[in-house]
Amino acid sequence: MTVTVATLGFPRIGPRRELKFALEKFWSGKTDEAALATAAAGLRTAAWARQNALGADWLPAGDFSLYDHMLDMSMMLGAVPARYGAAPGAADLVTYFAMARGTTGGEDGCGHGHASLTACEMTKWFDTNYHYIVPELAAGQKLALGRLSVLDAWREAKAQGFATRPVIVGPVTWLSLAKGQGADPFDFLDEVLGLYAAILGHLGEAGVDWVQIDEPILVTDLDDRQRRALTRAYAKLARSGPKLMLTTYFGALDDNLSLAASLPVAGLHVDLVRAPEQLEAVLRAVPDAMLLSLGVIDGRNVWRSDLEALLDRIEPIATRRDLVLAPSCSLLHVPVDLALETKLDGEVTQWLAFAVQKIEELALLKRALNEGRASVADDLAAAARAVAARKTSPRIHDPAVAARIAAVTPAMRERGSRAARDRAQAAALGLPAFPTTTIGSFPQTSEVRKARAAFNRGELEGAAYDAFLREETERAIRWQERVGLDMLVHGEFERNDMVQYFGEQLAGFVFTVNGWVQSYGSRCVRPPILYGDVSRPAPMTVDWWRYAQSLTDKPVKGMLTGPVTILNWSFVRDDQPRAASCRQIALAIRDEVIDLEAAGAKAIQIDEAALREGLPLRQRDWQQYLDWAVDCFRLTAAGVGDATQIHTHMCYSEFNHILPSIGAMDADVISIETARSQMELLEGFARYRYPAAIGPGVYDIHAPRVPDEAEMVTLMRLAQQHLRPDQLWVNPDCGLKTRRWEEVRPSIEAMVSAARTLRAVV
Ligand SMILES: Nc1nc2c(c(=O)[nH]1)N[C@@H](CNc1ccc(C(=O)N[C@@H](CCC(=O)N[C@@H](CCC(=O)N[C@@H](CCC(=O)O)C(=O)O)C(=O)O)C(=O)O)cc1)CN2
Ligand code: MET
Ligand SMILES: [Zn+2]
């Protein structure tokens, strides 16, 4: 029996973020479409060559995307909303980027005249920090086959000598993640299946023998309609041409296993990292004729695997049937190459594997299985030593942290009564009705980034960098005072990222120089690596807050990232429960909250932007997660007095299912994203009688578009249909770091005018 190695997707951003730079140059008009296409083709070729050289037998094609693979699927199906004015199936790159990013009125970055168009909604891909563009399906919409980018990619690879397996998002996942407008996305099932059949037909005619069809929806709770759609879909698609490798990831198939195993597909991929316990059931359920693909290497985390333990599990199976070994999911979610890490702590480096190293691990497993362990004895021994070293390293455990955790009492999570806090905060802050604020960050201009880069390279002295940041902060404070915002922020100029910044200052984390992971489009993050017990050696933000507050009489918010978000946006330990790591982070941030209050902060924002995305994919696991997540937030926040106003912020959140937990966080003010969904979210907050104040975002900060006052007034009036006026704050959807000052200034000026208009009516 033979073992082969597959990759389900490779990072597309490039080892040095080449795609990011190519995209941003194109969008700013510095380069043309041909230059972007050349850069993209270079990245695809490099990715195929690399995976091939590392020993992968099945290479993906179509995993690369100029923006997002869900958007690519929508384009192939011609699912382009009418407002973009493209004939069905005939959308071009301008439309593609308009859907992804929206357009400003007049000329856009591509030099085309455009009306001002809002972008399609963007939201989290399952429980990851990757964002996809939400497909829209409106009643009466016509779909039509678009350009088959996946076939183009397969041909391109073939011309270069690479045999690849095209990847597409499966129809039931695509429909389940789509948003209907006056229609249910599943009303389009037959039409969509017709198009999928046509796509597979074209692939088959071209000579494609296998297609990877991703249906991660199979690891979630499915309703009857989704189950019926799966049966119907694969009955049709299995007859449409190439063999299908039905690919599931991010969890166990569980109650969907028998359904998945009964579909007439030629192969099934299962995630054995998130759900190692499903192996036995999978082996029982999956017919011998179905090619089994085992996701044994973690595509979501950066630790080296225990290869010998894996071999112990796989060897008995490999003697009985052919196997494909693969990462659990696409490698999109991990950095490219550990070899590019020049500054990483030597000891910790040995414990890690990025995308390249993960394929090496798979190739090693393959050889051990096909040729015997003895054929790779040295490599296996080295891997075993690294795993053992990590398990026993004294650097992981800090007795002082353990002692603090043991001493946590319930009272440390409790604040005063809501009424007492409301009174004390009103007196301390004296805010008008509809108070205005922003979410924290102001534009991270290339000047700011360049200064930080120069400082990091040692070309700019600490004192000069500091002076530069102070000037930026002062300018931001002066400007906020001038436009008349009520509660100010220092602007976060000193931060590279809201999670990485804290990771760099906390004990227990290491961080990378090139460990970039795509978050959306050209935007990337470098998740810190949490390897050991967490503590806060020294205050992290207090000096910046103190300086900002010294410049103004208006209240300046202390600005922190909460423990759940730091956890969810880091690569975290797999040797203890996530809850245990989170509680350690909570105590560290709690220290900072208390120090900010002691320094005089009257309001402190603790961002929990990632709380919702961390929600387990299966409903039966929700409550346990929510309980410890809320508990950690409360532990972080509750060290302050009644007069200190605790804000929190969450973005992209789909709150309806978790409103009681949001309430239980017991914040005084929450700012949320609502602009793109016309305040629909607030209905739930009203139904649940959310007791605290809410700042529903009045404009979408993800696109360059500048909103006008009237539309923000309209949105706030919609908000008032759900909530009391005295509960409402006025703010953007999220932080402004990705915007330019040219967009921020008029947007915030209009927002402040909108608040004044609202006050005039009350
Ligand atoms: N971790 C995280 N997840 C999140 C968010 C977030 O803010 N953080 N927000 C939501 C949306 N996601 C986002 C993710 C990334 C960015 C973002 O702006 N990322 C920046 C990078 C941020 C960063 O780490 N910057 C560093 C490094 C900047 C850099 O590229 N420097 C250049 C040199 C500077 C230059 O010449 O311009 C270099 O090192 O080569 C810094 O400022 O120090 C980007 O891709 O451009 C925004 C939103 C959800 N998930
Ligand atoms: C992704 S949530 C962002 C919150 C952060 N305070 C900011 O304004 O950038
Ligand atoms: Zn946000």
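Start by selecting His-649, Cys-651, Glu-673 and Cys-734, which UniProt lists under "binding site" in an unreviewed entry. (UniProt positions are in the numbering used here, feature names are shortened, and annotations may be inferred rather than shown by experiment.) The four span 86 residues in sequence, yet no two of their C-alpha atoms are more than 8.8 Å apart, so they gather at one spot.

A word on what you are looking at: this is a predicted model, in which local features need pLDDT of at least 70, side-chain atom pairs count only at pLDDT 80 or more, and totals for chains, interfaces and linings use all residues. Residues are numbered from 1 along each chain as its sequence is written, while chains are lettered from A and ligands numbered from 1 in the order in which they are written.

Zoom in on Cys-651, in the loop between β21 (645-650) and α24 (659-664). (Helices, H or I with at least four residues, and strands, E with at least two, are DSSP runs numbered from the N terminus.) Is Cys-651 buried or exposed? It counts as buried, because it has 21 C-beta neighbours inside 10 Å. (Buried takes 20 or more other C-beta atoms within 10 Å of the residue's own, exposed 12 or fewer, and partly exposed is in between; C-beta atoms are placed from the backbone.) Leaving out neighbours within four places in sequence, Cys-651 is in contact with Ala-609, Glu-673, Asp-733 and Cys-734. (Contact means C-beta atoms, placed from the backbone, within 7 Å.)

Hop over to Glu-673, in the loop between β22 (669-672) and α25 (682-687). Glu-673 is buried too, with 25 C-beta neighbours inside 10 Å.

While you're here, check two backbone angles. Most residues other than glycine have a negative phi. Asp-666, in the loop between α24 and β22, has a positive phi of about 65°. Met-679, in the loop between β22 and α25, also has a positive phi, near 65°. Asp-666 counts as buried with 20 C-beta neighbours inside 10 Å, and Met-679 is buried with 21 other C-beta atoms within 10 Å.

**The second set of annotated positions**

Next, select Arg-17, Glu-18, Leu-19, Lys-20, Lys-124, Asn-129, Arg-523, Cys-524, Trp-569 and Glu-613, again "binding site" in an unreviewed UniProt entry. These are spread over 597 residues of sequence, and in space too, up to 27.6 Å between C-alpha atoms.

Asn-129 is buried, with 22 other C-beta atoms within 10 Å. Not counting residues up to four places away in sequence, Asn-129 touches Ser-519, Val-525, Trp-569, Ala-610 and Glu-613.

Now try Cys-524, in strand β17. Cys-524 is partly exposed, with 18 other C-beta atoms within 10 Å. Its contacts beyond four places in sequence include Ile-13, Arg-17, Lys-20 and Ser-519.

**Ligand 1**

Which residues come nearest to ligand 1? Of the 22 around it, they are Arg-449, Ala-453, Asn-496, Ser-519 and Val-525. (A residue is near a molecule if its C-beta atom, placed from the backbone, lies within 6 Å of it.) Colour α17 (446-456), β16 (517-520) and β17 (523-525), the elements that give two or more residues to this shell. The largest share, five residues, comes from α17.

**Two domains**

Colour domain 1 (3-79 + 123-337) and domain 2 (399-404 + 424-443 + 482-761). (Domain bounds come from an automatic or database domain assignment.) Their centres, taken over C-alpha atoms, are 33 Å apart.

**Last stop: Gly-491**

Finish at Gly-491, in the loop between α18 (462-483) and α19 (500-505). Gly-491 is buried, with 30 other C-beta atoms within 10 Å. Beyond four places in sequence, Gly-491 touches Ser-441, Phe-442, Glu-472, Thr-473 and Ala-476.

Definitions and conventions:
Two residues are in contact if their C-beta atoms, placed from the backbone, lie within 7 Å.
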